[in-house]
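Student: I would like to learn how to read the contacts in a model with care. Could we take the features one by one, with the general idea before the case?

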Amino acid sequence: MDIDSASPSPTRVDAVVVGAGAAGIYQLHRLREQGLRTRVFEAGDDIGGTWFWNRYPGARCDIESLSYSYSFSPELDQEWVWSEKYATQPEILRYLHHVADRFDLRKDITLRTRVTRAVYDEESRHWEVSTDTGERVIARFVVMAAGCSSTPKDPGVPGAASFAGDTYQTARWPREDVDFAGRRVAVIGTGSSGVQIIPEIAKRAAELTVFQRTAAFTLPARNRPIDAAELAEHKARYPWFRTEQRRSKGGSVVEMPTVSALEVSEEERTAAYESAWQAGLLSAMLRSYTDLLVDERANETAAEFIRAKIRATVADQETAERLSPRGFAFGTKRPCLDTDYYATFNEPHVRLVDLGRTPIEEITAKGVRTSEREWPVDAIVFATGFDSFTGSLTAVDIVGKDGARLRDRWAAGPRSYLGLMSAGFPNLFTVTGPLSPSVLTNMMVSIEQHVEWITDCVTYLREQGVAEIDTTPEAEEEWGAHVAELAAGTLYPTAASWYTGANVPGKARVFMAYVGGLDRYRARCAAVAEEGYEGFVLSGRTGAADGAGGVTAAGPVRP
Ligand code: NA7
């Protein structure tokens with residue numbers, strides 16, 4: 001084992017959790033309930049993960065608040081009061097703080113500490129985890145709860161360092177208020193973050209120039225306050241609602257379509273799309289018909305409906321055309337929800353630069369220079385996205401059996417069984433890891449499903465006195481092929497999206513989410529556990545020092 005003898009001797013716990021976002025704090029709660037001494041390390045100076053870092057103006061969840069929240073505590077459901085249909089970032093952060101306080105979680109969370117390395121010792125079957133503050137911790141289990149979209153990608157625009165004005169990144173927004181009043185501002189990027197921040201900056205800035213590489217499909221959020229009567233009514237049916245969420249395909253309680261978009265008349269289709277447009281829900285349009293994500297012709301009917309809405313909203317038809325997404329199917333890049341996004345381009349001080357026609361060549365001291373001209377600005381906001389799915393996992397130097405590094409093993413794309421564990425990296429779990437349903441679902445519901453499965457697995461191992469769980473290259477291979485096969489039956493892999501890693505130059509192109517639905521996935525995970533952890537290998541015996549229960553293993557345990 002690679003131990004730095006100069007640093008203080010390591011402490012011992014049962015489990016280390018990496019990240020104190022929604023996944024990490026729930027994992028801590030569950031493991032502690034099972035009596036595991038657990039340490040959580042969080043790089044930020046507060047808990048909250050995504051909802052700590054993405055504090056830019058306009059940041060909101062685009063899943064409804066009443067649905068995007070933990071389901072594990074009926075008391076929590078009853079006491080927490082959501083104020084809006086779509087909660088703002090500060091409100092979600094307050095909620096996560098409340099959860100941390102209510103379940104007394106903070107005492108086991110170490111902030112401002114980044115896990116840099118984790119090395120598995122095959123002899124003792126423990127991980128040694130190192131941090132950037134020089135701490136070392138030895139633990140039987142490591143749970144990576146580091147987030148699917150938490151490592152901002154390098155915007156990759158040359159010359160950024162030479163800019164004389166202020167530079168901001170939506171994913172690393174400063175804590176203090178940024179006042180754009182009277183300033184000339186550039187926003188680069190028009191994904192969910194760009195679409196949310198652009199109308200907010202337009203309210204203050206003297207000039208706003210939006211640099212768009214790919215036009216996004218975005219739908220109106222129709223956000224509104226939640227009144228007391230609606231909240232009371234929802235709380236009364238929360239037990240039913242939470243059960244339905246857990247049974248659902250995507251973690252939300254919604255009606256699923258039964259007919260093809262091509263089976264109905266144009267009038268009927270337009271009426272259905274109009275009703276979805278009015279609903280103000282991220283998935284409403286895609287759920288109008290069964291085949292929008294599998295048939296290009298069907299998809300085009302919805303895409304064209306949205307383009308017509310853009311033309312009807314944006315006064316200048318040339319700008320409307322540039323804002324109209326083309327070249328990829330609706331839904332194959334993550335759609336956005338917005339408040340007045342398209343209407344913002346009717347403001348006289350807002351302009352759109354289409355990078356498809358005039359790409360950025362460099363950032364200069366004065367502003368952004370495209371192939372056409374230089375755009376002088378006082379501030380540049382990068383809303384350029386993340387190294388999603390794998391970035392936060394490969395950022396840690398994870399060294400498993402035989403000295404193998406996770407980042408090398410995943411060079412050609414992530415390899416994982418059920419998105420939970422990678423062969424050769426025993427006792428190391430990933431919450432909403434690559435090749436699980438993750439970002440295609442309501443993340444809160446997926447997080448709970450993974451955390452609970454991991455907790456049950458760890459509890460089982462301890463009860464049986466089993467030291468190690470690993471998966472096999474065969475199980476991983478079979479799962480990867482299954483995920484790829486399901487994806488290939490859809491339009492998803494046809495787009496150059498962050499779902500496939502295409503947004504990060506040099507990253508392997510693999511569709512990284514399980515499209516089969518959370519219901520089907522949940523059933524598979526449960527069956528695997530019930531069948532004695534099929535596809536996993538359980539081996540070794542724990543000693544008394546592990547505080548584990550009896551040592552009579554029920555399943556096939558290798559020495
Ligand atoms: P996204 O959805 O990855 O959006 C990033 C945007 O930035 C997108 O429009 C990109 O264009 C654009 N981009 C990225 N790099 C560049 C460069 N170098 N030049 C110009 N434009 C660039 O990230 P978000 O933060 O908006 O949302 C991420 C997810 O977080 C969101 O979907 C929710 O799940 C939460 P591209 O499309 O790559 O051509």
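Student: Is tryptophan 51 buried or exposed?

Tutor: The general idea is a set of cut-offs on relative accessible area, where buried means under 20%, exposed means over 50%, and partly exposed lies in between, with a 1.4 Å probe and protein chains only. Tryptophan 51 has a relative accessible area of 9%, so this residue is buried. The model is a predicted one, in which local features need pLDDT of at least 70 and side-chain atom pairs count only at pLDDT 80 or more, while totals for chains, interfaces and linings use all residues. Residues are numbered from 1 along each chain as its sequence is written, and side-chain values use heavy atoms, with hydrogens and water left out.

Student: Where is tryptophan 51 found, and which residues does tryptophan 51 touch?

Tutor: Helices (H or I, at least four residues) and strands (E, at least two) are DSSP runs numbered from the N terminus, and tryptophan 51 belongs to helix H2, residues 50-53. Contact means heavy atoms within 4.5 Å; leaving aside residues up to four places away in sequence, tryptophan 51 touches Arg60, Cys61, Tyr68, Gln89, Ile92, Leu93 and Leu96.

Student: How many aromatic pairs does a search of the whole structure find?

Tutor: Rings of Phe, Tyr and Trp (for Trp, its six-membered ring) pair if their centres lie within 6.5 Å, and planes under 30 degrees apart count as stacked, over 60 as edge-to-face and the rest as tilted. The search of the whole structure finds 36 aromatic pairs. In the pair of phenylalanine 211 and tryptophan 375, the ring centres are 6.5 Å apart and the planes stand at 80°, so the pair is edge-to-face. This pair links distant parts of the chain, with phenylalanine 211 in strand S9 (residues 207-212) and tryptophan 375 in strand S15 (residues 374-376), 164 residues apart. Phenylalanine 211 is buried at a relative accessible area of 0%, and tryptophan 375 is buried at 10%.

Student: Which residues form a tilted pair?

Tutor: Phenylalanine 389 and tryptophan 498 form a tilted pair, 5.9 Å centre to centre with 45° between the planes. Phenylalanine 389 lies in the loop between strand S16 (379-382) and helix H12 (391-394), and tryptophan 498 in the loop between helix H15 (473-488) and helix H16 (518-530), so the pair ties together parts 109 residues apart in sequence. Phenylalanine 389 is buried, with a relative accessible area of 3%, whereas tryptophan 498 is partly exposed, with 26%. Elsewhere, ring pairs link Tyr26, Tyr70, Phe72, Trp80, Trp82, Tyr95 and Phe103 into a cluster.

Student: What sits over the ring of tryptophan 375?

Tutor: A charge sits over a ring if NZ of Lys or CZ of Arg is within 6 Å of the ring centre and within 35 degrees of the ring normal. The charged end of arginine 373 sits over the ring of tryptophan 375, 3.7 Å from its centre, and arginine 172 lies over the face of tryptophan 53, at 4.0 Å from the ring centre.

Student: How many salt bridges does the structure hold?

Tutor: A salt bridge is a side-chain nitrogen of Lys or Arg within 4 Å of a carboxyl oxygen of Asp or Glu, and the structure holds 45 salt bridges. Aspartate 397 forms one with arginine 117, the closest N and O atoms being 2.9 Å apart. The two residues lie in distant parts of the chain, aspartate 397 in strand S17 (residues 397-399) and arginine 117 in strand S4 (residues 115-121), 280 residues apart. Aspartate 397 counts as buried at 12% relative accessibility, and its side chain also meets that of arginine 405 in a salt bridge (2.7 Å, N to O). Arginine 405 is partly exposed, with a relative accessible area of 28%. Glutamate 468 and arginine 125 form a salt bridge at 3.3 Å, N to O, and both of these residues are buried. A network of salt bridges links Arg30, Glu33, Arg246, Glu448 and Glu452.

Student: How many salt bridges are counted between domain 1 and domain 2?

Tutor: The count between domain 1 and domain 2 is 0 salt bridges. The two domains bury about 910 Å² between them, 60% of it on carbon and sulfur atoms, where buried area is the accessible area (1.4 Å probe) that two parts lose on being put together, summed over both.
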